[in-house]
Amino acid sequence: QEIHIKEPIEKEVNPRLLPGELLLCEASTVYKYIQEDGSNRGTYGKLICTNFKIAFLDDDCASDDNEPQFKNKIIGENDITLQCVDQIYGVYDEKKKILTGQLRKYPEKLIIYCKDLRVFHFCLRYTKEEEVKRIVSGIVHHSQTPKLLKRLFLFSYASAAPNNTGKYGRNQTVMFDTLEDWRGELERTKGNVKYKAVTTNEGYRVSEKLPLYFVVPICVSEESILKYEGRGIPVWCWSCHNGAALLKMSAFPKEQDDSTSQMQKAFLDGIYKTISKPPYELLKTDDLSSSLPSLQDIQTAYTRFKQLFLIDNSTDFWATDVKWFSLLESTNWLEIIRRVLKKAIEVAECLERQHTNVLLIEESATDLCCVISSLVQVMMDSYSRTKSGFQSLIQKEWVIGGHCFLDRCNHLHKSDKEEAPVFLLLLNCVWQLVQQYPPAFEFTETYLTVLSDSLYVPIFSTFFFNSQHQKDTNVSGESLKTESGPFRFLTVWDWSVQFDPKAQAFLNNPLYAEKPKPEKSQRKTARFKHQRQLSLPLTQTKSSTKRGFFREETDHLIKNLLGKRIGKFINSSDEPPNSFREFYDSWHRKPVDYHGLLLPCIDGPEIKVWAQRYLRWIPEAQLHGGGTIATAAKILDLMEEVQSLQVKMDEEHSQVI
């Protein structure tokens with residue numbers, strides 16, 4: 001077989017390091033394979049490992065001419081953050097072996113599988129033996145071994161970066177770290193008649209797992225909250241327009257002695273009686289640990305599912321393509337998405353049609369409770385379908401709500417048992433709604449894809465703590481001071497840190513059906529309301545030959561194919577009860593109100609694979625120069641043209657007057 005080799009580079013290529021980033025080890029004359037056509041084509045370069053990332057530097061990255069039109073400003077095309085590394089394999093005499101811990105023998109090839117589903121192949125045959133030892137052991141050690149929280153790059157970056165004074169506008173995303181934020185949300189949803197924001201947990205005197213501020217029914221006393229460290233207390237999530245509310249509760253441990261169980265039962269009975277009286281509506285409880293798959297089931301399904309997309313070469317792609325649908329069905333991932341969406345519809349029916357309060361119960365109320373409460377709000381509250389509204393929702397239910405991002409993403413490699421892609425499950429469910437009802441969302445599927453990738457970028461604090469308490473105690477540490485005072489962590493919601501305005505344009509949906517203003521008397525000539533679009537430079541329509549989000553995109557046809565034939569594999573033995581089915585069918589018979597209730601289609605063929613996220617790195621699944629990004633680019637071009645014509649018409653009109 002012919003091997004196409006680009007000669008080793010003569011000039012020195014230096015890595016671009018972030019503030020606080022340190023070069024730990026490097027190896028020259030490393031050969032990176034390009035797997036696009038199954039040949040041994042590739043390029044020579046330098047492989048480095050820092051306290052932030054693994055990076056491959058070749059002469060392409062030294063040339064500004066070859067820079068992709070759309071790129072992440074923090075993570076380059078050949079960069080892998082240490083948290084994004086999934087598994088590392090070594091190839092010994094054409095046999096793959098997983099690499100962990102101390103190595104006795106060093107491989108001739110290195111394969112790195114990433115959590116964003118990229119696959120990198122490096123050949124080390126032409127590299128000096130000492131450099132091979134250093135780079136392989138360095139990469140394995142820094143990306144795979146357990147580490148302390150303070151050793152995350154998050155802390156190095158925050159200490160070394162210029163002090164971020166929080167210029168990112170608070171008015172865009174509500175952070176829910178102040179009492180005012182909670183009171184504002186109560187007012188927005190008109191829940192302040194029956195619910196109150198409490199300061200009982202100031203100083204974390206109730207529980208380190210609860211946020212500083214949260215909302216409970218007005219009738220719940222401070223003594224009740226303190227009694228069992230917040231367990232058994234209904235915590236408010238959101239209020240429906242008819243007054244019915246969505247609540248969540250952290251359950252009592254199941255294994256207890258009889259006397260303790262009796263006391264806890266009596267306590268719960270008292271709470272239920274209190275919140276079943278007027279002005280509260282009826283209350284329906286739902287124990288999610290018994291009605292939805294376990295975290296272990298979710299982790300097992302996703303582990304199987306992602307293997308379908310971690311493709312080594314073209315041969316593997318076509319070999320698995322023959323049995324694609326049976327492989328997809330056997331993972332059970334799409335069935336889990338369907339079950340979660342069905343549960344969210346059931347909750348929406350109770351709130352919307354039955355005017356019943358719903359209390360979601362889970363052991364910690366920080367995993368599946370977060371998924372269901374978020375989905376219900378996206379389906380029922382059009383504010384949660386705007387970009388700032390969705391970001392505020394993630395802050396409220398997940399970041400401040402106490403989802404254990406550190407454990408569930410296994411950022412510290414402490415325990416595989418705690419790992420589960422709960423937040424990814426939410427994004428997959430939201431994607432189903434986005435692709436079924438695009439005009440209802442101010443953000444795009446590209447926004448969701450970028451958000452899923454940001455889980456592994458440790459310069460933002462958003463997804464790198466288990467609780468508000470853990471973040472607060474680590475920020476207030478004496479050692480964590482910069483020259484200009486205590487540092488602040490960056491929030492992932494400041495998209496300008498990762499993307500320039502050209503790339504950010506693709507996070508906003510140009511076809512979003514913005515809510516019409518109620519004043520009928522002020523009807524003006526229809527024009528685009530997104531003024532920010534005027535300040536966003538647009539893309540050239542010419543496609544790059546490189547892969548990734550902002551270049552060639554997955555064909556829309558593939559998305560449909562991935563979903564259409566799934567129907568026969570979905571287990572339909574658990575048909576929804578009649579009242580549910582009636583609610584579901586009657587809604588789907590009516591025209592869609594993009595600012596009202598949205599119910600996802602959940603019958604087999606409608607649940608599809610999020611192709612942009614899962615297939616974007618596989619060349620065989622690409623439509624060159626086409627797909628959603630190419631379509632969006634054309635629409636943005638058209639919008640700019642229409643807007644410039646509108647400006648000209650306005651100028652002409654003003655001159656006539």
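Reader: Between which helix and which strand is the loop that holds Asn 78?

Author: Asn 78 has its place in the loop between α1 (59–62) and β5 (79–81). Helices (H or I, at least four residues) and strands (E, at least two) are DSSP runs, numbered from the N terminus. The model is predicted, so local features need pLDDT of at least 70 and side-chain atom pairs count only at pLDDT 80 or more, while totals for chains, interfaces and linings use all residues. Residues are numbered from 1 along each chain as its sequence is written, and side-chain values use heavy atoms, with hydrogens and water left out.

Asn 78 is buried because its relative accessible area is 19%; buried means under 20%, exposed over 50%, and partly exposed in between, with a 1.4 Å probe and protein chains only. Not counting residues up to four places away in sequence, Asn 78 touches Lys 32, Ile 54, Ala 55, Phe 56 and Phe 120, where contact means heavy atoms within 4.5 Å.

Another loop residue, Glu 229, lies between α5 (222–227) and β12. Glu 229 is exposed, as its relative accessible area is 57%. Beyond residues up to four places away in sequence, Glu 229 touches Val 206, Ser 207 and Leu 210. Glu 229 and Ser 207 are 22 residues apart in sequence, and 5.4 Å apart in space, C-alpha to C-alpha.

Five of the five residues of β12 are buried. β12 pairs with β13 in the antiparallel sense over four bridges, and the bridge partner of Ser 239 is Ala 245 in β13. The hairpin of β12 and β13 has five residues between the strands, and there Gly 243 takes a positive phi near 100°. β14, in turn, pairs with β15 (residues 357–362) in the parallel sense over five bridges; Asp 286 has Leu 360 of β15 as its bridge partner.

Next come the cores. A nonpolar core is a set of buried Ala, Val, Leu, Ile, Met, Phe, Trp, Tyr and Cys residues joined through side-chain atoms within 4.5 Å. The largest has 151 residues, of which Phe 390 and Ile 459 touch the most other members. Helix α11 (residues 333–352) gives the largest share of this core, twelve residues. The core lies between domain 1 (23–145) and domain 2 (179–506), because both give residues to it; the domain bounds come from an automatic or database domain assignment. Apart from this core lies another, of 33 residues, including Leu 179 and Tyr 195.

For the whole protein, the count is 22 helices and 19 strands. Of its 657 residues, 56% count as buried.

Note on methods:
Two strands pair if DSSP finds at least two bridges between them.
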